[in-house]
Amino acid sequence: MNNRPYWQRFYNYSLSTGLSSVVLKGIDTSTDKILSKCENPKRTGTWTNKGLVVGVVQGGKTTNMIGLCNK
C-alpha cells in the first residue's frame with residue numbers, strides 16, 4: 001500500500017465496518033488501474049482528466065470513488 005496514509009485509514013475503517021478484505025483487495029486493484037490512466041497532478045503545464053462512473057445499483061460505485069479519493 002506504498003505510503004498512502006489516507007488509503008490505509010480508509011482500508012482499516014472499512015474492515016472495522018464489516019467490509020471483507022477480499023472486497024477491499026478488489027477495490028485496491030481497481031482503483032490502482034483507474035489511477036494508472038490518470039495524469040500526474042505534479043506534472044507542469046495544462047492537462048485535463050475526465051471520467052464517468054457507471055454501475056448497477058448497490059454495485060460499489062460510491063465505495064470505489066471514496067477509495068480513489070483516499071489514494
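Q: Where is Thr31 placed?
A: Thr31 has its place in helix H2, where helices are DSSP runs of H or I with at least four residues, strands are runs of E with at least two, and both are numbered from the N terminus. The model is a predicted one, in which local features need pLDDT of at least 70 and side-chain atom pairs count only at pLDDT 80 or more, whereas totals for chains, interfaces and linings use all residues. Residues are numbered from 1 along each chain as its sequence is written, and side-chain values use heavy atoms, with hydrogens and water left out.

Q: Is Thr31 buried or exposed, and why?
A: Thr31 counts as buried because its relative accessibility is 0%; buried means under 20% relative accessible area, exposed means over 50%, and partly exposed lies in between, with a 1.4 Å probe and protein chains only.

Q: Which residues does Thr31 touch, then?
A: Not counting residues up to four places away in sequence, Thr31 touches Asn64, Gly67, Leu68 and Lys71, a contact being heavy atoms within 4.5 Å.

Q: What polar contact does the side chain of Thr31 make with another side chain?
A: The partner is the side chain of Lys71, at 2.7 Å. A polar contact here is a pair of N or O atoms within 3.5 Å; within protein, one must be able to donate a hydrogen and the other to accept it, and residues adjacent in sequence count only if both atoms are side-chain atoms. A polar atom of the Thr31 side chain also lies 2.7 Å from the backbone oxygen of Ile27.

Q: Which side chain makes a polar contact with the side chain of Asp28?
A: That is again Lys71, with the side chains of Asp28 and Lys71 in polar contact at 2.5 Å. Asp28 is found in helix H2 and counts as buried, at 10% relative accessibility. Leaving aside neighbours within four places in sequence, Asp28 is in contact with Trp7 and Lys71.

Q: Which residues make up the largest nonpolar core?
A: The largest nonpolar core has five residues, namely Trp7, Phe10, Tyr11, Leu24 and Ile27. Such a core is a set of buried Ala, Val, Leu, Ile, Met, Phe, Trp, Tyr and Cys residues joined through side-chain atoms within 4.5 Å.

Q: Which helix gives the most to this core?
A: H1 does, with three residues, while helix H1 (5-16) and helix H2 (21-36) each supply at least two. Setting aside neighbours within four places in sequence, Ile27 contacts Trp7, Leu19 and Thr63.

Q: Changing topic, what volume does the largest pocket have?
A: The volume of the largest pocket is about 300 Å³. On a 1 Å grid over the protein atoms alone, a pocket is an open set of points where a 1.4 Å probe fits, with protein on both sides within 12 Å along at least five of seven lines, and lining residues have an atom within 4 Å of a point. Grid points are joined across faces, edges and corners, and a volume is the space filled by probe spheres set on the points.

Q: Which helix gives the most to the lining of the largest pocket?
A: H3 does, with three residues, although H2 and helix H3 (61-70) each supply at least two. The lining includes Ile34, Leu35, Asn64, Met65 and Leu68, and also Asn49, Lys50 and Gly51.

Q: What is the phi of Gln58?
A: Phi of Gln58 is near 60°, a positive value in a residue other than glycine. Most residues other than glycine have a negative phi. Gln58 is found in the loop between H2 and H3 and is exposed, with a relative accessible area of 78%.

Q: Stepping back, how many helices and strands does the protein chain have?
A: The protein chain has three helices and zero strands, in the pattern α-α-α along the sequence. The C-alpha trace spans about 45 × 30 × 15 Å along its principal axes, and buried residues make up 15% of the 71 residues.
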